[in-house]
Amino acid sequence: MMFFRLCFITLLLAVQGAALAQEYDPERSQLWLDTGQDRISTLAMVTDIDIEVTGMLAYTVIRQQFLNDSPDWAEGRYVFPLPDDVAVESLRVIVGSRVIEGEIQERRQARITYETARAEGRVASLVEQERANLFSTRIANIAPGEVLEVQIGFRQRVEYRHDNRHGNRHGEFRLRFPMSIAPPYVPGDPTPAETGSPEDGGGWAENTTRVSDASRITPELVGPLESTNPVSLRVELNAGIELALLESSHHLIDKHFERGAWQVSLAGPNANPHKDFELVWQPAIREHVESVVFMQRLGDQDHALLMLTPPEQFAALRTRREVTLIIDSSGSMQGESIEQAREALLFALDSLSAQDRFNLIEFNNAAMALFNSPVEATAANLREARDFIGRLQADGGTEMLQPLNMAMQQGVTPGYLPQIVFVTDGQVGNTVEIIEHVRSRIGDSRLFTVGIGHGVNSQFLADLARFGRGSTVLIADLWQVRMRMSELVAQLTSPVLHDIELHWPAGVEFLPDRMPDLYTGQPLLVAARGDRLRGDLLVTGLSDGQPWQQVIPLETFQTAPGVAAYWGRQAIQRELDRSGHEISHDQARARVIDLAIEYQLLSPFTSLVAVDKTPERSREAALRRQDVPGFLADNGQNAGPMLARAMPATDAGTISRLIRGLLALALVVLLILHPIVSRDTGSEPWL
Amino acid sequence: MIRPLLICCLLAVGLWQVAGATGIQAKAWLGQILLERAWARSQDSDEPVVPWPGSVSHPIARLQVPELQIDHLVLEGADAPVLAWGPGMEVGPHGHRLIAAHRDTHFRFLEQLEAGESVRLELASGDVEHWRVADRKIVDARTTGLDLGAPGDRMTWVTCWPFDTIETGGPLRLLVSLERQIAAVPPALLASTNSTGVSP
């Protein structure tokens with residue numbers, strides 16, 4: 001019987017068989033490093049990142065310096081990632097002593113403004129949003145030998161998790177800054193754009209039927225060993241409270257306390273731009289902070305950001321679970337990523353109890369399930385799953401729809417809570433297609449995403465989890481697996497806070513308008529807008545059948561910049577989410593443009609454009625377009641000439657096991673000997 | 001009443017942990033014996049020999065340190081499932097050889113390894129390379145990577161550090177770099193040895 005069950009069931013979606021996917025070819029993007037040497041060296045770039053954190057929001061200015069050391073006039077283009085959910089609000093170009101301020105314009109209009117200025121020989125810059133977390137900058141007419149600086153300002157939210165497990169109460173703040181892009185997988189049939197047309201982004205992939213802007217989101221990438229573009233990063237942290245911990249997860253940092261704030265900077269002159277930056281801090285006070293309100297008045301309206309941390313009961317979840325684990329074993333997961341994914345899966349398997357059911361799906365070009373349908377978590381089945389995980393090899397494409405379909409359609413056993421845990425680096429171009437698919441088919445299942453490696457598409461994974469009514473965790477290094485997965489397992493196995501309702505004093509708009517379910521450790525974040533936000537807010541919900549409520553007085557607030565921009569960003573997101581089903585695309589587009597103009601924000605339909613008023617050069621001088629390479633994420637992959645391998649895990653664990661074992665045996669001996677010894681000395685027998 | 005229960009529990013935990021530790025050592029020891037057979041067979045064939053059905057890797061080299069009586073068969077790949085059976089080797093595109101093994105099994109001997117020690121590496125092709133320990137250093141795996149693509153004749157050994165810590169999966173690694181010794185080969189043969197033995 002075992003042998004029959006060992007046979008894997010392969011499911012193929014008939015439709016997708018013919019589609020030829022384009023894969024990132026390191027040789028191709030590397031070509032210009034060898035042959036077109038002048039292409040990169042003529043346009044050097046320095047990136048400087050300045051982050052100021054106040055409360056739950058951060059204001060970041062990213063300064064990019066372009067040096068044109070060629071004898072010709074040049075145009076630069078650079079694709080760069082920003083943190084999730086950012087509200088981009090300012091663009092400033094500095095040429096010599098002149099400062100040119102940018103303004104928000106409708107996307108097509110902005111492009112016309114930019115191209116006109118370029119043709120007229122003026123200095124101009126254009127910032128466009130390619131994805132919610134991917135942006136491009138273009139800068140025209142950099143004079144020979146000139147240094148030109150572009151400053152982009154945006155707001156981002158600090159992530160917060162609270163941990164009440166084991167009586168160990170503390171909150172943890174996390175600030176992430178992506179330093180690199182990993183090449184995405186682009187499925188579909190190629191539909192090449194005309195060279196030089198707006199649809200042609202100059203990337204390594206051609207546009208396809210399924211990813212219509214592939215050439216715009218696939219810039220040339222520099223490997224870890226060719227770090228020609230230096231990056232510096234500074235953080236000013238106004239925590240407002242004493243900290244018990246302040247550290248960076250992947251970089252060496254210098255930190256000191258000055259002018260009432262923590263000053264953090266990357267240690268050493270050349271930071272590794274191929275690893276994402278993550279700063280983590282914990283307040284020294286261990287008391288449970290129930291709620292915080294941040295307020296900003298803009299125009300004649302109050303804007304608020306509320307954070308509320310529900311207290312937790314520790315009754316384990318009474319419902320039995322049916323867990324489907326999906327693992328991405330595509331080529332982009334090679335190297336350390338697949339190791340992390342393996343560890344994460346094993347951790348998730350360990351969380352299953354005997355009455356739970358589970359299944360395991362692996363995918364690259366096609367998906368493959370370990371069992372026909374979910375099976376009981378017996379020792380034999382779990383062993384089979386562990387063997388399966390041990391044999392995983394990362395190779396091939398990333399066809400994500402198949403495994404998700406299999407998981408969502410495999411039929412739920414009545415009386416079980418269906419949970420899908422999706423382990424991937426999220427490197428695909430067809431994100432919109434996948435999110436739409438999950439939104440319409442998720443049913444009663446809950447989708448949890450585990451993001452693996454540096455340069456992970458965390459925005460995409462957060463969106464998937466949002467539509468799948470689950471949560472998301474990110475693991476960038478092997479040593480983080482245990483910590484982050486135990487967070488996820490706590491969420492999978494604890495009761496969720498659901499049916500959350502907000503009762504406002506009067507006349508208040510708030511977002512999200514449909515409250516998500518809250519998992520263990522997650523705070524509730526609400527953005528609100530009203531003429532005057534005063535009075536008490538009552539929050540109610542249900543947890544494991546028990547009603548729960550909390551009152552937040554709006555009178556006690558802290559003023560914080562950026563709250564209005566946060567509201568604007570969330571309002572734009574709401575319209576984008578509804579686009580295509582609740583409201584038409586055109587309606588959504590119009591509303592987004594209105595909001596983006598009102599709050600002066602970048603969006604899929606608005607861009608930032610800056611044009612110098614004085615012409616710099618004659619029309620005749622040839623304008624050469626230069627693509628500045630982005631940074632390739634360093635996940636220790638083995639492909640091609642760019643090879644920074646992460647350290648292998650080299651501890652089998654004999655010593656710790658042996659010491660624990662011998663300690664327990666020594667205790668046994670002591671326990672056996674103790675009565676004899678105590679009787680000899682005539683004292684009272686123990687126990 | 002509680003006491004026998006406590007004894008039973010502690011006994012069970014103790015035996016389980018000790019058995020786990022013994023299991024790891026046994027696997028490491030057994031792996032080498034099974035690999036020995038596969039290695040002997042692979043000497044006669046051109047294709048990689050699968051040591052046992054369902055095995056995760058196959059032997060690609062034999063590593064010897066005569067001074068310390070060390071003789072290990074090296075597997076292909078340096079992932080966790082491979083390292084349980086023996087040291088694992090990855091080779092970069094320009095020939096950088098990276099060998100990783102567990103600090104508590106096959107690379108236990110790195111503790112006694114000193115600079116200048118000679119090392120013999122026999123490849124599946126039958127070529128024998130002579131290396132010498134050049135340098136040891138301790139690095140933090142969270143902030144340091146290995147440059148597998150580095151050019152030139154290089155070999156690096158990696159294991160966890162320190163050797164006797166109770167902590168499992170710590171961030172520190174011991175890196176041993178080795179340099180190729182070609183002095184033993186007569187100058188006339190140097191060119192041909194280089195072209196066959198070194199290039200990846």
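## Helix α4 of chain A

α4(A) is followed by A:G121, whose phi is positive, near 80°. This is a predicted model: local features need pLDDT of at least 70, side-chain atom pairs count only at pLDDT 80 or more, and totals for chains, interfaces and linings use all residues. Residues are numbered from 1 along each chain as its sequence is written, while chains are lettered from A and ligands numbered from 1 in the order in which they are written.

Helices here are DSSP runs of H or I with at least four residues; strands are runs of E with at least two, and both are numbered from the N terminus. Helix α4 covers residues 107–119 of chain A. Its 13 residues should span 18 Å at 1.5 Å a residue, and the end C-alpha atoms agree, at 18 Å apart. The expected span is 1.5 Å times one less than the number of residues.

Buried in α4(A) are A:R107, A:A110, A:Y114, A:A117 and A:R118. Seen down the axis of α4(A), these buried residues fall within an arc of 105°, so they line one face of the helix. The arc is that of the directions from the helix axis to the C-beta atoms. On the other side of α4(A), A:R108, A:Q109 and A:T116 are exposed. Buried means 20 or more other C-beta atoms within 10 Å of the residue's own, exposed 12 or fewer, and partly exposed in between, with C-beta atoms placed from the backbone.

## Helix α6 of chain A

The buried residues of α6(A) are A:N381, A:A385 and A:I389. They cover an arc of only 80° around the axis, which puts them on the same side of α6(A). Exposed on the other side are A:A379, A:A380 and A:R383.
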